[in-house]
Amino acid sequence: MLSRVANSIYWMARYLERAENIARFVDVNLHLMLDSTVESKEQWEPLVIISGDYDDFKERYGVATKDNVINFLTFDRDNPNSIISSVIYARENARTVREVISSEMWAEVNKFYLILLDAENSGEALDTPYDFYNQIKMQSHLFIGNTDTTMSHGEAWHFDQLGRLLERADKTSRILDAKYFLLLPRVEDVGTPIDNIGWAALLNSASAFEMYRKKFRRIVPSDVARFLILDLEFPRSIRYCLLKAQISLHEITGNDIGTFQNKAERRLGRLRSDLDYANIDEIISLGLHEFLDGFQTKLNEVGDAIFDTFFSLRRADQDSDMKEVSQ
Amino acid sequence: MDFDSYDPGKFYDELFESKGKPRPGTKILIDRLSSFPKQEILERQKAAEAALFNMGVTFTVYSDESGIEKIFPFDILPRIVEPQDWAHIEKGLKQRIYALNLFINDVYNDQKIIKDGIIPKDILYSSKCIQPKCEGLNPPKGIWCHITGSDLVRDKDGVFYVLEDNLRCPSGVSYVLENRQVLKRTFPLVFEKSNILPVDDYPDRLSRMLQYLAPSNVESPKIALLTPGIYNSAYFEHSFLAQQTGIELVEGNDLVVKDGFVYMRTTKGFEKVDVIYRRIDDDFLDPKAFNPDSLLGVPGIMEAYKSGRVALANAPGTGVADDKVVYAYVPKIIKYYLGEDPVLPNVPTYVCWEDKDREYVLNNLDKLVVKPANESGGYGLLMGTYASVKQRAEFAEKIKENPRNYIAQPTLSLSRVPVIVDDDHFEGRHVDLRPYILYGEDIYVMPGGLTRVALKKGSLVVNSSQGGGSKDTWVLSDLPK
């Protein structure tokens with residue numbers, strides 16, 4: 001398929017997944033607020049920190065009050081990673097590939113956009129924030145469901161999967177990073193059942209609470225981290241995302257998993273293998289934040305490699321990573 | 001919501017013969033509409049608009065700052081064309097397109113029509129849309145104008161006239177297809193009871209026509225639709241047609257000419273393209289052949305085309321027949337090439353380039369519509385009847401300065417169709433009709449077309465860029481269902 005089209009589909013999926021996950025960040029904080037005794041600033045500032053746009057926020061808003069953070073992450077068009085910006089970009093990308101995606105998919109992206117425009121204009125969304133953020137999650141799911149059931153699972157679909165899964169892996173790592181930091185300042189508390197409410201909220205933000213319960217019963221921080229990083233079956237766990245992303249990547253190229261012919265396959269394969277053989281106690285003793293930070297950097301490198309391999313039309317012989325032996 | 005107070009007045013109404021008397025083919029619809037309470041009709045109108053909006057059936061208005069996308073205003077009352085009228089239109093358009101294709105080919109090759117003194121050479125060579133680069137060109141299968149969207153209007157006497165031909169990149173066919181989808185949902189019972197000719201096979205016919213153009217040694221040709229990109233006002237249509245036909249939608253940057261062939265950049269390297277339905281104007285198509293500043297086109301594509309390695313639809317150069325001065329000669333063109341009288345007449349046209357005509361125009365500006373020869377979209381024209389004395393005087397100067405650039409036509413009293421006004425009642429509004437014609441193995445006229453409606457009371461300007469809307473167009477068949 002056209003490189004430009006593949007690129008647009010990949011980003012369409014990424015941006016929609018991003019919008020959904022930001023809704024999840026905000027939603028979990030709103031829930032926490034109802035039960036928590038933590039001060040508001042402490043509670044909202046990490047959200048901006050993990051979004052990676054702290055400087056921009058600080059400059060334009062100053063204090064991380066609830067309203068400021070919610071507005072920055074939801075309706076601020078000058079924040080390229082806000083929900084509304086993400087949906088606008090997703091729709092622009094979808095617009096350029098309308099002939100490739102199904103009409104149903106386009107209709108859902110378009111509705112997503114119209115919902116946000118409505119909310120932006122009416123200003124009433126935040127009167128009932130739970131409904132509003134839930135609607136955003138549901139709209140994303142409607143899109144994903146339509147994608148799954150109305151589009152052929154060929155190359156274009158695999159680019160959609162690739163974009164969505166890499167974005168989701170990144171965002172799950174960020175949700176975990178932020179909350180871990182907030183909920184568990186002292187390392188000696190790891191492994192003890194504390195602050196049940198906070199952890200339940202964290203799991204909820206990844207829609208993981210019930211699935212976690214089936215596996216672990218008691219809420220223990222290290223198990224929560226294990227579930228969200230290493231679980232093989234839960235669709236928002238980082239490892240699951242990478243596993244499925246790798247399958248899509250190899251469906252696109254036609255190469256066997258376990259081998260690589262380009263640097264996207266090499267980097268993603270390596271990152272996934274790291275997780276395959278990782279152990280949660282090790283991760284925590286070395287520092288969960290450091291682990292997640294390193295993971296995000298490597299994931300970005302996977303993204304760069306995908307761009308170079310498929311979207312910019314460079315060939316393998318120009319690819320420095322490929323000078324290393326392929327197997 | 002009834003038609004008791006609806007009065008066609010002195011106009012030709014497409015649905016009513018006279019007050020209270022629907023035309024024979026419209027009775028099922030009118031009865032159905034009359035049986036609905038007002039609220040029901042308004043709800044159906046709202047549902048139709050919502051469907052179009054959710055489908056993203058939008059176009060771009062450049063002058064509007066508030067947002068770049070709008071839905072094309074849509075009115076749920078269809079325009080209905082009776083079988084005998086349609087048979088006449090279809091016959092006339094086939095004749096016209098066949099003759100125009102011969103004409104374009106002649107202009108760029110033997111120029112017999114000039115040698116035989118039918119059209120002055122100066123007229124042709126002063127047309128802005130003539131492409132000297134096309135001289136000597138023999139397009140695949142001898143076809144130049146593969147896709148045409150002729151604008152027809154109906155005067156108060158009920159006669160259909162051709163207003164213009166649009167042989168370059170006519171747009172709007174996607175609205176015809178989407179409008180039909182929406183109306184089937186809006187009036188399912190009426191569709192069931194009536195015998196309305198389908199338009200839904202247009203994408204399939206388009207695709208077959210494009211395949212027909214492929215170089216004969218190519219077994220399964222790769223076809224692409226070349227768009228200027230998402231900021232083009234007709235982008236929705238480009239992507240819609242690509243989606244419905246399954247052909248690849250490409251932008252100029254996706255294509256590259258190598259070793260005389262055209263390729264597209266894909267995730268797996270370069271792939272050859274055999275047929276291109278281009279929706280980019282001639283001037284922007286190839287910076288090497290035409291406008292060197294174009295960033296939209298594909299450098300070298302014209303050479304690939306001339307060598308027969310890629311087919312283009314429409315061929316470059318067809319715009320010469322869109323020139324409104326050349327248009328005035330179409331009846332003579334038909335007579336010259338086919339030896340027949342035109343089935344569909346032109347709107348009577350005064351060519352300001354000719355002294356006698358110009359004198360008449362200048363003396364009768366208050367009765368005429370004056371149009372520039374090479375504009376489209378309803379821009380730059382003078383509606384003499386409604387213009388002020390000052391506007392007319394200014395226009396007279398323009399005409400004297402550059403007579404070649406102007407033609408004039410009497411102000412027609414366009415036919416009307418009822419629309420819903422103020423969510424309250426029906427009123428007549430003026431319409432035109434743009435059927436779409438495909439020229440491949442044979443000539444196909446889509447049964448229907450885009451009915452554009454001037455939604456402003458009394459307005460005769462139907463262009464979407466100037467406040468026009470659209471309606472579904474039902475062509476009735478007299479064959480038993």
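I'll start with one residue: L368(B) is buried, because 23 other C-beta atoms lie within 10 Å. By buried I mean 20 or more other C-beta atoms within 10 Å of the residue's own, with C-beta atoms placed from the backbone; 12 or fewer is exposed, and in between is partly exposed.

Before going on, this is a predicted model, in which local features need pLDDT of at least 70 and side-chain atom pairs count only at pLDDT 80 or more, while totals for chains, interfaces and linings use all residues. Residues are numbered from 1 along each chain as its sequence is written, and chains are lettered from A and ligands numbered from 1 in the order in which they are written.

Back to L368(B), which sits in strand β17 of chain B, residues 368–372. Strands here are DSSP runs of E with at least two residues, helices are runs of H or I with at least four, and both are numbered from the N terminus. Setting aside neighbours within four places in sequence, L368(B) contacts V361(B), G384(B), A408(B), Q409(B), P410(B) and T411(B). Contact means that the two C-beta atoms, placed from the backbone, lie within 7 Å. P410(B) is 42 residues from L368(B) in sequence, and their C-alpha atoms are 4.5 Å apart.

Next, a helix pair in chain B. The axes of α2(B), residues 38–55, and α6(B), residues 173–186, come within 10 Å and cross at roughly 140°. The axes are lines fitted to C-alpha atoms over the stretch in contact, with angles from 0 to 180 degrees between N-to-C directions. On the α2(B) side the residues are R44(B), A48(B), A51(B), L52(B) and M55(B), and they meet E178(B), V182(B), R185(B) and T186(B) of α6(B). By class, that contact has five nonpolar residues, one polar and three charged. Nonpolar covers Ala, Val, Leu, Ile, Met, Phe, Trp, Tyr, Cys and Pro; charged covers Asp, Glu, Lys and Arg; the others, Gly among them, are polar.

Now the two chains. Chain B puts 16 residues in contact with 17 residues of chain A. On the chain B side, α2, α9 (235–245), β10 (248–251) and β12 (261–266) each give two or more residues. β10(B) gives the most, with four. That side has six nonpolar, six polar and four charged residues.

Last, chain A. The domain assignment gives domain 1 (1–151) and domain 2 (152–319), with bounds from an automatic or database assignment.
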